[in-house]
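Please open the model in a viewer and colour it by secondary structure.

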Amino acid sequence: MIELNEWRFKIRTFFTKLFIWVSQRTSIEEINEVSLLNERTTIYSFRSDSAIFAQVTPIGTIIWNKSRMEGLSTRSKQLILRHECSHRDRNPIYKGILYGMAVSFAAGLLLLLISFALLALGASPSELLTPVLIAVGMIGSFIILVRIEETLADYHAIRDLGEETFIDAYNEISSESDNSLHAQGLRKVLYTDPSDTVRIYRFFQRIS
Ligand SMILES: [Zn+2]
(Lines give C-alpha, C1' and ligand atoms only; values in the text may rest on other atoms or scores of the structure.)
Protein backbone atom coordinates (compact mmCIF):
# COMPACT_ATOMS: atom_id res chain seq x y z
CA MET A 1 0.00 0.00 0.00
CA ILE A 2 2.84 2.37 0.96
CA GLU A 3 4.63 1.46 -2.25
CA LEU A 4 1.49 2.18 -4.28
CA ASN A 5 1.17 5.63 -2.65
CA GLU A 6 4.84 6.32 -3.33
CA TRP A 7 4.40 5.41 -6.98
CA ARG A 8 1.31 7.60 -7.20
CA PHE A 9 3.27 10.51 -5.72
CA LYS A 10 6.16 9.95 -8.14
CA ILE A 11 3.83 9.86 -11.17
CA ARG A 12 1.94 12.98 -10.02
CA THR A 13 5.25 14.80 -9.41
CA PHE A 14 6.55 13.81 -12.84
CA PHE A 15 3.44 15.13 -14.65
CA THR A 16 3.32 18.27 -12.49
CA LYS A 17 6.97 19.04 -13.31
CA LEU A 18 6.17 18.52 -16.98
CA PHE A 19 3.10 20.81 -16.73
CA ILE A 20 5.11 23.58 -15.03
CA TRP A 21 7.87 23.27 -17.58
CA VAL A 22 5.46 23.43 -20.56
CA SER A 23 3.15 26.14 -19.19
CA GLN A 24 5.61 28.29 -17.23
CA ARG A 25 8.97 27.41 -18.80
CA THR A 26 10.53 26.82 -15.42
CA SER A 27 11.13 24.03 -12.91
CA ILE A 28 9.70 23.17 -9.49
CA GLU A 29 11.41 24.96 -6.59
CA GLU A 30 9.92 22.80 -3.83
CA ILE A 31 7.08 20.46 -2.92
CA ASN A 32 5.53 21.03 0.49
CA GLU A 33 2.35 20.67 2.51
CA VAL A 34 0.49 23.76 3.68
CA SER A 35 -2.13 23.97 6.43
CA LEU A 36 -3.92 27.10 5.29
CA LEU A 37 -7.31 25.37 5.21
CA ASN A 38 -8.82 22.68 7.43
CA GLU A 39 -6.95 20.00 5.49
CA ARG A 40 -3.25 19.76 4.66
CA THR A 41 -2.67 20.39 0.97
CA THR A 42 0.35 19.47 -1.14
CA ILE A 43 1.58 22.32 -3.32
CA TYR A 44 4.22 22.37 -6.04
CA SER A 45 6.00 25.74 -5.97
CA PHE A 46 7.83 27.54 -8.74
CA ARG A 47 8.82 31.13 -9.51
CA SER A 48 7.61 33.04 -12.55
CA ASP A 49 6.68 36.55 -13.74
CA SER A 50 3.50 35.12 -15.31
CA ALA A 51 0.05 36.39 -14.27
CA ILE A 52 -0.96 33.21 -12.44
CA PHE A 53 -0.98 32.91 -8.66
CA ALA A 54 -1.90 29.22 -8.42
CA GLN A 55 -3.53 26.65 -10.66
CA VAL A 56 -4.81 23.09 -10.70
CA THR A 57 -3.14 20.82 -13.23
CA PRO A 58 -5.16 18.31 -15.31
CA ILE A 59 -3.98 15.55 -12.93
CA GLY A 60 -5.35 17.37 -9.88
CA THR A 61 -2.15 18.75 -8.32
CA ILE A 62 -1.90 22.40 -7.25
CA ILE A 63 0.93 24.55 -8.56
CA TRP A 64 1.89 27.71 -6.68
CA ASN A 65 3.73 30.75 -8.08
CA LYS A 66 5.95 31.89 -5.21
CA SER A 67 6.83 35.15 -6.99
CA ARG A 68 3.17 36.26 -6.68
CA MET A 69 2.09 34.36 -3.58
CA GLU A 70 4.89 35.29 -1.18
CA GLY A 71 3.78 38.90 -0.71
CA LEU A 72 0.13 38.03 0.01
CA SER A 73 -1.54 37.91 3.42
CA THR A 74 -2.70 34.58 4.87
CA ARG A 75 -6.38 35.31 4.07
CA SER A 76 -5.52 35.93 0.37
CA LYS A 77 -3.52 32.71 0.24
CA GLN A 78 -6.51 30.91 1.83
CA LEU A 79 -8.87 32.38 -0.78
CA ILE A 80 -6.65 31.28 -3.66
CA LEU A 81 -6.09 27.82 -2.20
CA ARG A 82 -9.80 27.27 -1.47
CA HIS A 83 -10.63 28.41 -5.02
CA GLU A 84 -8.11 25.94 -6.49
CA CYS A 85 -9.24 23.08 -4.20
CA SER A 86 -12.78 23.67 -5.48
CA HIS A 87 -11.53 23.21 -9.07
CA ARG A 88 -9.56 20.13 -8.01
CA ASP A 89 -12.55 18.50 -6.31
CA ARG A 90 -15.07 19.16 -9.13
CA ASN A 91 -17.11 16.24 -10.41
CA PRO A 92 -14.94 14.28 -12.93
CA ILE A 93 -17.79 14.15 -15.49
CA TYR A 94 -18.09 17.95 -15.44
CA LYS A 95 -14.29 18.22 -15.71
CA GLY A 96 -14.36 15.90 -18.71
CA ILE A 97 -16.99 18.08 -20.42
CA LEU A 98 -14.90 21.18 -19.67
CA TYR A 99 -11.74 19.67 -21.20
CA GLY A 100 -13.77 18.46 -24.19
CA MET A 101 -15.14 21.98 -24.66
CA ALA A 102 -11.57 23.35 -24.49
CA VAL A 103 -10.77 21.27 -27.57
CA SER A 104 -13.97 22.55 -29.19
CA PHE A 105 -12.90 26.12 -28.30
CA ALA A 106 -9.57 25.64 -30.10
CA ALA A 107 -11.35 24.12 -33.12
CA GLY A 108 -13.80 27.08 -33.11
CA LEU A 109 -10.90 29.55 -33.17
CA LEU A 110 -9.33 27.67 -36.08
CA LEU A 111 -12.64 27.64 -37.98
CA LEU A 112 -13.01 31.39 -37.40
CA LEU A 113 -9.49 31.99 -38.66
CA ILE A 114 -10.10 29.90 -41.80
CA SER A 115 -13.39 31.77 -42.43
CA PHE A 116 -11.60 35.14 -42.25
CA ALA A 117 -8.87 33.86 -44.57
CA LEU A 118 -11.51 32.71 -47.09
CA LEU A 119 -13.24 36.09 -46.82
CA ALA A 120 -9.94 37.81 -47.56
CA LEU A 121 -9.52 35.49 -50.58
CA GLY A 122 -12.88 36.57 -51.98
CA ALA A 123 -15.49 34.17 -50.58
CA SER A 124 -18.93 35.73 -50.15
CA PRO A 125 -20.02 36.59 -46.56
CA SER A 126 -23.29 34.63 -47.02
CA GLU A 127 -21.29 31.44 -47.73
CA LEU A 128 -19.30 31.92 -44.53
CA LEU A 129 -22.26 32.69 -42.27
CA THR A 130 -22.85 29.07 -41.20
CA PRO A 131 -19.20 28.22 -40.36
CA VAL A 132 -18.81 31.52 -38.48
CA LEU A 133 -21.97 30.85 -36.43
CA ILE A 134 -20.75 27.33 -35.61
CA ALA A 135 -17.33 28.74 -34.60
CA VAL A 136 -18.94 31.39 -32.37
CA GLY A 137 -21.10 28.67 -30.76
CA MET A 138 -18.05 26.47 -30.07
CA ILE A 139 -16.08 29.39 -28.58
CA GLY A 140 -19.06 30.78 -26.65
CA SER A 141 -20.06 27.47 -25.03
CA PHE A 142 -16.55 26.98 -23.65
CA ILE A 143 -16.45 30.54 -22.25
CA ILE A 144 -19.85 30.02 -20.55
CA LEU A 145 -18.66 26.73 -18.99
CA VAL A 146 -15.42 28.34 -17.75
CA ARG A 147 -17.39 31.21 -16.20
CA ILE A 148 -19.68 28.72 -14.42
CA GLU A 149 -16.59 26.83 -13.20
CA GLU A 150 -14.88 29.99 -11.93
CA THR A 151 -18.07 31.20 -10.23
CA LEU A 152 -18.44 27.83 -8.48
CA ALA A 153 -14.82 27.99 -7.24
CA ASP A 154 -15.33 31.55 -5.93
CA TYR A 155 -18.66 30.56 -4.39
CA HIS A 156 -16.99 27.74 -2.41
CA ALA A 157 -14.31 30.21 -1.27
CA ILE A 158 -16.81 32.81 -0.02
CA ARG A 159 -18.95 30.11 1.60
CA ASP A 160 -15.99 28.70 3.58
CA LEU A 161 -14.08 31.92 4.35
CA GLY A 162 -16.97 34.34 4.87
CA GLU A 163 -17.99 37.48 2.99
CA GLU A 164 -15.65 39.91 4.72
CA THR A 165 -12.49 37.82 4.25
CA PHE A 166 -13.51 37.10 0.63
CA ILE A 167 -13.90 40.80 -0.25
CA ASP A 168 -10.73 41.93 1.58
CA ALA A 169 -8.67 39.13 0.06
CA TYR A 170 -10.04 39.78 -3.44
CA ASN A 171 -9.13 43.47 -3.18
CA GLU A 172 -5.61 42.57 -2.10
CA ILE A 173 -5.19 40.00 -4.89
CA SER A 174 -6.49 42.51 -7.48
CA SER A 175 -3.91 45.08 -6.40
CA GLU A 176 -1.14 42.46 -6.78
CA SER A 177 -2.43 41.12 -10.13
CA ASP A 178 -0.99 41.59 -13.58
CA ASN A 179 -2.85 44.70 -14.76
CA SER A 180 -1.81 44.64 -18.41
CA LEU A 181 -4.71 45.20 -20.83
CA HIS A 182 -4.43 41.59 -22.01
CA ALA A 183 -4.72 40.19 -18.46
CA GLN A 184 -7.60 42.56 -17.59
CA GLY A 185 -9.48 41.54 -20.76
CA LEU A 186 -9.04 37.85 -20.01
CA ARG A 187 -10.31 38.33 -16.45
CA LYS A 188 -13.40 40.19 -17.72
CA VAL A 189 -14.25 37.41 -20.18
CA LEU A 190 -13.49 34.36 -18.01
CA TYR A 191 -14.10 35.41 -14.41
CA THR A 192 -17.17 36.52 -12.53
CA ASP A 193 -16.93 39.91 -10.85
CA PRO A 194 -16.45 39.31 -7.09
CA SER A 195 -19.42 41.59 -6.32
CA ASP A 196 -21.62 39.19 -8.35
CA THR A 197 -20.25 36.25 -6.33
CA VAL A 198 -21.20 38.16 -3.16
CA ARG A 199 -24.75 38.63 -4.57
CA ILE A 200 -25.04 34.91 -5.38
CA TYR A 201 -23.75 34.04 -1.89
CA ARG A 202 -26.26 36.39 -0.20
CA PHE A 203 -29.07 34.94 -2.31
CA PHE A 204 -28.28 31.37 -1.19
CA GLN A 205 -27.91 32.57 2.41
CA ARG A 206 -31.42 34.06 2.23
CA ILE A 207 -33.10 30.99 0.79
CA SER A 208 -31.30 28.39 2.94
ZN1 LIG B 1 -10.16 29.40 -11.07
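Begin with the open sheet of 4 strands, whose order is 1-2-4-3 and whose pairing is mixed. Strands (E, at least two residues) and helices (H or I, at least four) are DSSP runs numbered from the N terminus, and two strands pair if DSSP finds at least two bridges between them. This is a predicted model, in which local features need pLDDT of at least 70 and side-chain atom pairs count only at pLDDT 80 or more, while totals for chains, interfaces and linings use all residues. Residues are numbered from 1 along each chain as its sequence is written.

Select strand 1 (30-34) and strand 3 next: both stand at the edges with a single partner strand each, so one side of each has no neighbour in the sheet. From one strand to the next, the twist averages 30°.

Proceed to helix 3 (residues 74-88), which lies across strand 2, strand 3 and strand 4 (62-65) and runs at about 15° to strand 3. Axes are lines fitted to C-alpha atoms, for helices over the stretch in contact, and angles run from 0 to 180 degrees between N-to-C directions. Contact requires C-beta atoms, placed from the backbone, within 7 Å.

Finally, colour domain 1 (1-70) and domain 2 (72-208) separately; such bounds come from an automatic or database domain assignment. Their C-alpha centres lie 22 Å apart. The contact takes 12 residues from domain 1 and 16 residues from domain 2.

Technical notes: Two residues are in contact if their C-beta atoms, placed from the backbone, lie within 7 Å.
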